[in-house]
Amino acid sequence: FWGLCVLIEIRLGYYTPTMASLKVDQNVLNRMISYKHPKLYRHMGKLGVSIFAFTTSWFLCLFMQNPLPYNTTLQFWDYLFCYGDEMLFLMALEILLHRSEDLLAITNGDELLSFTLHSFQKELDKTSFTRIVQKIGSLEYEISVLRTYFRKSETIKAAENRFDCSTLANKYGFTGAQEVQHLWKLFVSPEPWEVLLTESHSKVSWFALAFHRACYPKEPDSFCAHGLMSGFLHRLFDTLDVHKTGDVTFKRFLKAVHTLRYGSKEERTKLCFRFYDFDGDGKINFDDVKLGIDIISNMIEGCRSDEEKKGRMQLCRDLINKGWLFTKEREIIIEKVFDSGPFGLQLKTNTISAYPLVKKILIESSVEKGIQIGWQLVRINEISFKHCNDSMIYDAMKAVKFPAQAIFRQVVYPKIDESDEAVRTRKLDFTQFSRVIQMHAKTSAIFRLHGAILQHWRPAMPPSSVRSSRSSSQADREQPQATPSRMRRFSIRNWFGSGKKAKPTGPVT
């Protein structure tokens, strides 16, 4: 098995969907035959038989069984392992020369094709092996220059025409084959031939360039430069390298781009959670959060002072403590009877300064009605307010008949130990992490990554020429409802540059 692995791994580009190296070597052999055996080449061409039809198995199986017998193949492999790829071409030319009389005698195209596929096998005599040995080293230069030439042309063909774009588009939820084809071009662009060999990025710099062009082409080159220097793109590379092979495959790249372009909030949050989960144990602790925040902040704002780093430490503690509190929360139901309103809003402290009307209602309700900050209205008489927005609440309030019985919900959290030792022992799973993101993503600096990359900062869509129209119902499912001010595309500078808290732009809930 080890021998089989070595045989496959040393032939880069042979055993991949594109078979790029195989096509190149077949082109090289084709031109060698036309140059060294022109009569045979013209005869095969006249009958419509191409060497591509029968040499695929020669190269893929290294001449095993067809066109050489087993014992002859083992003898040939000794030479192949000693002298390298040149032996492939020397053997192929020798086989065609050895059977040239039989080939020239066939005058029917179907018979010639059948002969090349099934009747080529014949023992090579010692004279043939002697001729091969004497020619060792004579084709090295020709193989080198022809490979270089055909690699260029094959790279262009493979980048322009990928055969499975429709399948990949259906599998990963893209708009069509053209959009996947466009992403494939961007994926191979950093180092076309090297990427074609394995259909993956083995270097972070290649991944960074393709990711930048595919997702955020309007951002300046500092996006890549700072991302590489801070380690952000290295960490994203490792996050997508789920099997820890040191490569990001094209399929993993497609999945990441789809998550950023069309993914739901949950899909984006999962990507973010994996970003922070440095040890891959399915939970994040204080050290994970601190390292992730340092990477992200350094990318956006550059290296910071020691004083600012202390502020980051406090933000990390807040995230861990708030997430951990969700496992300790306790719900209290309060019933009150009112002779008059209003008492219909969920009262939260972070909405007071932004909305004077809420502040007014909060004060009136607190003083006159005995409602406390943090209470959430659940029901008035038979009217449920569980999933109502503020306009629905106001409409419903008009229909309330007094005296009215109101039911409120209050979530109570216990006091916790906030010492460094206690914080470092706590871990958050995905559910806890997701709840913290949903509650605080728009107001706390610690969640700027999620607010930008995962929530508001949607990547640039592909050009209209490479995407088809999406149905309105599909778009509604994929894109969160937002006010016009929230629909604009955020840039790094707009979202991160000021370091101020984002102002609420949506309705009060």
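Visitor: In this model, are E179 and R261 buried or exposed?

Guide: Both E179 and R261 are buried, where buried means under 20% relative accessible area, exposed over 50% and partly exposed in between, with a 1.4 Å probe and protein chains only. The model is predicted, so local features need pLDDT of at least 70 and side-chain atom pairs count only at pLDDT 80 or more, while totals for chains, interfaces and linings use all residues. Residues are numbered from 1 along each chain as its sequence is written, and side-chain values use heavy atoms, with hydrogens and water left out.

Visitor: What do the side chains of E179 and R261 form where they meet?

Guide: Side chains of opposite charge can pair when their charged atoms come close. Here E179 and R261 meet in a salt bridge of 2.8 Å, N to O, the criterion being a side-chain nitrogen of Lys or Arg within 4 Å of a carboxyl oxygen of Asp or Glu. The pair links distant parts of the chain, with E179 in helix α12 (residues 177-188) and R261 in helix α17 (residues 250-262), 82 residues apart; helices (H or I, at least four residues) and strands (E, at least two) are DSSP runs numbered from the N terminus.

Visitor: How many salt bridges does a search of the whole structure find?

Guide: The search finds 15 salt bridges. One of them joins R147 to D25 at 2.8 Å, N to O, and because R147 lies in helix α10 (residues 140-160) and D25 in helix α2 (residues 20-36), the pair ties together parts that are 122 residues apart in sequence. Another pair is E94 with R131, at 2.5 Å from N to O, connecting helix α6 (residues 86-98) to helix α9 (residues 126-134) across 37 residues. In that pair E94 is buried, with a relative accessible area of 2%, whereas R131 is partly exposed at 29%.

Visitor: What is the order of the strands in the open sheet?

Guide: Strands of a sheet pair through backbone hydrogen bonds, either parallel or antiparallel. The order of this sheet of 4 strands is β4-β7-β5-β6, with antiparallel pairing; two strands pair if DSSP finds at least two bridges between them. β4 (330-338) and β6 stand at the edges with a single partner strand each, so one side of each is left without a neighbour in the sheet. Between β4 and β7 there are 9 bridges, and I333 has R409 of β7 as its bridge partner. Strand β5 (residues 376-380) is joined to β7 (residues 404-412) by 4 bridges, with R379 opposite I407, and to β6 (residues 383-384) by 2 bridges. β5 and β6 form a hairpin with 2 residues between them, where N381 in the turn has a positive phi of about 50°.

Visitor: Over which residues does pLDDT stay under 50?

Guide: pLDDT is the predictor's confidence in each residue, from 0 to 100. It stays under 50 over residues 442-458, for which the model has 72 contacts (heavy atoms within 4.5 Å) beyond four places in sequence. Residues 469-509 also have pLDDT below 50, and this stretch has 63 contacts beyond near neighbours in sequence. For the protein, the mean pLDDT is 78, and 77% of its residues reach 70 or more.
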